[in-house]
Amino acid sequence: MSKLLFAALVASLAFTACKSEKEAETAEETTTTEQTETKSAETVVEGVEIPVTVLNANLATEDNLKAVGMSDEMIAKVIEAQPFLSMNDFDALLGDTANKEELYKAIFVPFNLNTTAEADFKMIPGVGDKMAHEFEEYRPYTSVAQFRKEIGKYVDEAQVEYYLNYVFVPVELNTASNEDIKALPGVGDRMTHEFEEYRPYTSMEQFRKEIGKYVDDKELARLERLVYLKQ
């Protein structure tokens, strides 16, 4: 093999290796970019960053309220007014508080999907006219599963879960599933068990009497707004 031919062969091999290395680097950069974009997509919904936890204003402690930036004066007002029967009451108490949309990414009183006015749904960060209409369109909701199904026609699962920080479906005390009871704001395994333990309920007064064994009057008033009995 001539020296000239050998030199050309070496140059060609070096070029091919360099090209392969460059393509590998590009592929790695693309993969990294896609992973970053996917991560962002999982944490942002319609331009609104999905919070890890949206604090329920009815369950918030003084320390919780300080953490979201409330003044001592406002904290005292909120604690005294708990529980709020609706988000509207909480909103009214806050008055002209600056940048409520930012605040409501961190703290909220979940809306009853079956009774809230369509316009009020727009207090939820990132919810506009179209989605507020869809929330209202499928009433009455009988379960969280129904909400997921219907609203899932328009948005992905992550966005549906985001909305569930801000809304709830009231449950019928004698027939609601374990899953639907646990989906209520601030109701965990223990209270779900107590709800089911005293079935069948014959009146709301019975509910107040039995559940009042475990919680104080304020918490009982909060829980009562989450449930109903068929007449």
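## The crossing of α11 and α12

In this predicted model, α11 passes α12 in a right-handed crossing; a crossing has that hand if the near helix is turned clockwise from the far one by less than a right angle, and is left-handed if anticlockwise. The two axes come within 10 Å and cross at roughly 140 degrees, with axes taken as lines fitted to C-alpha atoms, for helices over the stretch in contact, and angles running from 0 to 180 degrees between N-to-C directions. That makes α11 oblique to α12: angles under 35 degrees count as roughly parallel, over 145 as roughly antiparallel, 65 to 115 as roughly perpendicular and the rest as oblique.

On the α11 side, Met-204, Phe-207, Arg-208 and Ile-211 meet Leu-220, Leu-223 and Glu-224 of α12, where contact means heavy atoms within 4.5 Å. Sorted by class, the contact of α11 with α12 has 5 nonpolar, no polar and 2 charged residues. Here Ala, Val, Leu, Ile, Met, Phe, Trp, Tyr, Cys and Pro count as nonpolar, Asp, Glu, Lys and Arg as charged, and the others, Gly among them, as polar.

## Helix α10 and its two sides

Helix α10 spans residues 189–197, and its buried residues are Met-191, Thr-192, Glu-194 and Phe-195. Buried means under 20% relative accessible area, exposed over 50%, and partly exposed in between (1.4 Å probe, protein chains only). The four cover an arc of only 160 degrees around the axis, which puts them on the same side of α10; the arc is that of the directions from the helix axis to the C-beta atoms.

What do these buried residues pack against? Their partners are α9 (178–182), α11 (204–211), α12 (217–224) and β8 (227–228). Turn the model around, and the face of α10 pointing away from its buried side shows the exposed residues Asp-189 and Arg-190.

## Helices α3 and α4

Next comes the pair formed by α3 (residues 72–81) and α4 (residues 87–94), whose axes come within 11 Å and cross at roughly 150 degrees. The two helices are therefore roughly antiparallel to each other, and their crossing is right-handed. Met-74, Lys-77, Val-78 and Ala-81 of α3 make the contact with Phe-90, Leu-93 and Leu-94 of α4. By class, this contact has 6 nonpolar, no polar and 1 charged residues.

Within α4, Met-87, Phe-90 and Leu-94 are buried. Seen down the axis of α4, its buried residues fall within an arc of 60 degrees, so they line one face of the helix. They pack against α3, α5 (100–103), β4 (107–108) and β5 (111–112).

## Gln-82 in the loop

The loop between α3 and α4 holds Gln-82. Is Gln-82 buried or exposed? With 10% relative accessibility, Gln-82 counts as buried. Leaving aside neighbours within four places in sequence, Gln-82 is in contact with Ala-57, Asn-58, Leu-59, Ala-60 and Lys-218.

## The chain as a whole

The protein chain has 12 helices and 8 strands; helices (H or I, at least four residues) and strands (E, at least two) are DSSP runs, numbered from the N terminus. Of its 231 residues, 39% are buried. Among contacts between residues at least 6 apart in sequence, 52% join residues at least 24 apart.

## How to read the values

Residues are numbered from 1 along each chain as its sequence is written, and side-chain values use heavy atoms, with hydrogens and water left out. As this is a predicted model, local features need pLDDT of at least 70 and side-chain atom pairs count only at pLDDT 80 or more, while totals for chains, interfaces and linings use all residues.
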